[in-house]
Amino acid sequence: MNHYSSELSIVVRAKPDRVFQALTDWSLRAQWRKGIVPQWDGEPQAHVGQKVTFRVQGGPFPYEFSFRVTGVEAPHILYFEYEGGPLKGRAALEVRSQEDGTKATLHWMKVEPVGLLPRLLFSLGWGMKAHRARTLETLQLLKGYLESQPDPSR
């Protein structure tokens, strides 16, 4: 079975705690990440053991994916494992302060497609292309949202 790794980042002019909250508070994320409808167990803030499902709307093939939160080191990293389909494997969201803002990175550490159609799409290169496009879109929406909102701590 083929496993895939990927890493995409963006720098946001916002404090790390605001970036982390926007990425890991599912009710807040539903406000700025159009095209994806999240559902979660328990409180909206990510916590270990929580199952989260994103319904991805739009595009030629609407789909959904689920993951379980396996670790939270706020405000820097969220570890999770995809379960079910169309993916399984480990990933993480990382948030780190740097001189020009906060760098937000999605790490696909070891992910594999599950099911005939996802395996076919990934083997043809379309799965990874779609993943990178959706991830980049999410990171750009995150940047636009946070940079257009006043920082409430100021």
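In which helix does Leu-117 lie? Leu-117 belongs to helix α3, residues 116–123. Helices here are DSSP runs of H or I with at least four residues, strands are runs of E with at least two, and both are numbered from the N terminus.

1. Basis. This is a predicted model, in which local features need pLDDT of at least 70 and side-chain atom pairs count only at pLDDT 80 or more, while totals for chains, interfaces and linings use all residues. Residues are numbered from 1 along each chain as its sequence is written, and side-chain values use heavy atoms, with hydrogens and water left out.

2. Surface patch. Leu-117 is exposed, because its relative accessibility is 52%; the cut-offs are under 20% relative accessible area for buried, over 50% for exposed, and in between for partly exposed (1.4 Å probe, protein chains only). Together with Leu-120, Leu-124 and Trp-126, Leu-117 forms a nonpolar surface patch of about 440 Å² accessible area. Areas come from the Shrake-Rupley method with a 1.4 Å probe, and for residues only the protein chains shown count as cover. Patch members have over 30% relative accessible area and no salt bridge; like charges are joined within 9 Å, and nonpolar side chains (Val, Leu, Ile, Met, Phe, Trp, Tyr) within 5 Å.

3. Strand β2 (residues 36–40) runs antiparallel to strand β3 (residues 51–56), with five bridges joining them; strands count as paired if DSSP finds at least two bridges between them. Trp-40 has Val-52 in β3 as its bridge partner. On to strand β4 (residues 63–73), β3 pairs over six bridges, again in the antiparallel sense, and Lys-51 is partnered by Arg-68 in β4. The β3–β4 hairpin has six residues between its strands, and in this hairpin Gly-58 adopts a positive phi near 80 degrees.

4. Strand β1. In a regular strand, side chains alternate between the two faces of the sheet. Eight bridges pair β1 with strand β7 (residues 101–113) in the antiparallel sense. Ser-9 is set opposite Thr-105 in β7.

5. Helix α1. Why is helix α1 (residues 16–24) largely enclosed by the rest of the structure? Seven of its nine residues are buried. These are Pro-16, Arg-18, Val-19, Phe-20, Ala-22, Leu-23 and Thr-24.

6. Salt bridges at Glu-147. A salt bridge requires a side-chain nitrogen of Lys or Arg within 4 Å of a carboxyl oxygen of Asp or Glu. By this rule there are eight. In one of them, Arg-13 meets Glu-147 at 3.4 Å, N to O. This pair links distant parts of the chain, 134 residues apart: Arg-13 is in the loop between β1 and α1, and Glu-147 is in helix α4 (residues 126–148). Arg-13 is exposed at 59% relative accessible area, while Glu-147 is partly exposed at 26%. Glu-147 also bridges to Lys-143, with the closest N and O atoms 3.0 Å apart. Glu-147 and Lys-143 are separated by about one helical turn, because they are four residues apart in α4.

7. Salt bridge between strands. Glu-83 and Arg-68 form a salt bridge at 3.4 Å, N to O. The two lie 15 residues apart, Glu-83 in strand β5 (residues 77–83) and Arg-68 in β4. Glu-83 is partly exposed at 27% relative accessible area, and Arg-68 is partly exposed at 30%.
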